Amino acid sequence: MAKLSVAIIGAGLGGLATAAALRRAGVEVNVYEQASKFTRLGAGIQIGCNAMKVLRAFGLEPVLRAAAFYPRSWNNKEYDTGDVRFDMIFGPPAEERYGAPYLLGHRGDLHAALASVVPAEHVHLDHRVIDIAQQANGQVTLNFANGKAVTADAVVAADGVHSFVKKRLFGRDEPNFTGRIAYRTVFPAELLGGYPIDDCTKWWGPDRHIVIYYVKPDRSEVYFVTSQPEPGFTVESWSAMGDVNELRQAFADFHPQVCHVLQSCPSVHKWALVDRDPLPRWSAGNITLLGDACHPMTPYMAQGAAMAIEDAAVLSRCLEGVERGGVADAFRRFEATRKPRTSRVQLSSRTNTWLKNPTDPDWVYGYDAWNAPLAEFEAA
Ligand code: FAD
């Protein structure tokens, strides 16, 4: 049997995790990324126990444990008094309960770890997809802005919230702008001047919040991300800069610990927060969407990348041993398996209540994408 060939669009966290998972399932993969190089974005990322279970199978647990911070908890406090609303304990108790650690890392370290398990000759930078067409035999042809073209048995579009493929297959409607923005930055902890801060705390204000945590095992780097109203700002770019004084002003009535962190940070980026309602369909024939392309969500549960990483594992299980003629059904099965869970996370995240009060988080962190049942699916 010839190996199934899959072209993945996008070398973000979802695309690279998919490449790693499909290679494990014996599928031939090539990843096509529009960027001409990988840049190390100044952002933290919470790697939930559910995501770690997937990443472990790629051999990445030691490297991520060595690169990331292992927090005692995700604490939730009142913005001004610092009174504890709910302290979600991670560390060894959560590791034992959910079967994997909860880590707080630098997004660049997670991306580099995933890139390290996909051979460089299978990752094609400077390849922006500008056209996609399915042939009568099921194969799919991609055309790139650089003039090249490839044909594969199947395509996985992990091309992010503004997915070109989503627009081409399922309509051009834009994601919902929430009317809110996020300021974020990573900076050296020495700039705190010895001031002690919590491991990881979300400070809940009346109409805004800030999450602050370390991203290195030795507490040498700090990250924060906010959410606050700013209906007029719609720029979604990881590189757009924000005004640090405006940010300090916006959080001036927060607890002294928050004010100290904001006083200490040298610069910030600014990002418009968007999401979507669950989409009716993710796949058409031998083409499927994956990750933010099909279920973009607000970052309030810190689960967007985790959902893309889980998608990767489930997709690889659906495609294992499948030939070209079975891909469309395998993609439908993938969608049927994943959509109830990703829709629930998308809609829960939108309410921004996760862990605000005592919460049972087992359904999120306890999920194991390698062993969760695949949906029963009647082939067309
Ligand atoms: P992306 O990361 O957007 O990757 C898409 C890739 O496709 C990009 O590399 C892009 O260049 C490429 N591409 C796009 N179009 C084309 C094309 N036409 N041709 C070729 N390539 C193309 N999630 C967590 O799990 N934990 C967190 O703590 C967390 N914090 C977050 C904080 C903030 C402020 C935000 C905004 C999000 C956060 N998320 C978090 C969510 C997470 O960042 C996303 O869910 C995740 O990055 C989605 O990965 P993806 O691969 O689907 O898409």
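## Contacts with the ligand

Let's start at the ligand: one of its nitrogen atoms lies 2.9 Å from a backbone N or O atom of Val129. Polar contacts here are pairs of N or O atoms within 3.5 Å. A polar backbone atom of Ala305 is 3.0 Å from a ligand nitrogen, and one of Gly14 is 2.8 Å from a ligand oxygen. On its own the ligand has 1000 Å² of accessible area, of which the protein covers 87% (Shrake-Rupley method, 1.4 Å probe).

This is a predicted model, in which local features need pLDDT of at least 70, side-chain atom pairs count only at pLDDT 80 or more, and totals for chains, interfaces and linings use all residues. Residues are numbered from 1 along each chain as its sequence is written, and side-chain values use heavy atoms, without hydrogens or water.

## The shell around it

The ligand has 29 residues around it, with Gly14, Glu33, Gln46, Arg107 and Asp292 coming nearest (a residue is near if one of its heavy atoms lies within 4 Å). By type, the shell holds 13 nonpolar, 11 polar and five charged residues, with Gly counted as polar. At least two shell residues come from each of α1 (13-24), β3 (44-47) and α9 (304-319); these are DSSP runs, at least four residues for helices and at least two for strands.

## Strand β13

Now to β13 (residues 200-204), where five of five residues are buried, meaning under 20% relative accessible area. Cys200, Lys202 and Trp204 sit on one side, and Thr201 and Trp203 on the other.

β13 pairs with β4 (residues 73-78) in the parallel sense over four bridges, with Asn75 opposite Thr201; pairing requires at least two DSSP bridges. With β14 (residues 209-214), β13 pairs in the antiparallel sense over five bridges. Here Trp204 stands opposite His209, and four residues separate the two strands of this hairpin.

Methods:
Polar contact = N/O pair within 3.5 Å; in protein donor to acceptor, adjacent residues only side chain to side chain. Buried < 20%, exposed > 50% of the residue type's maximum accessible area, 1.4 Å probe, protein only.
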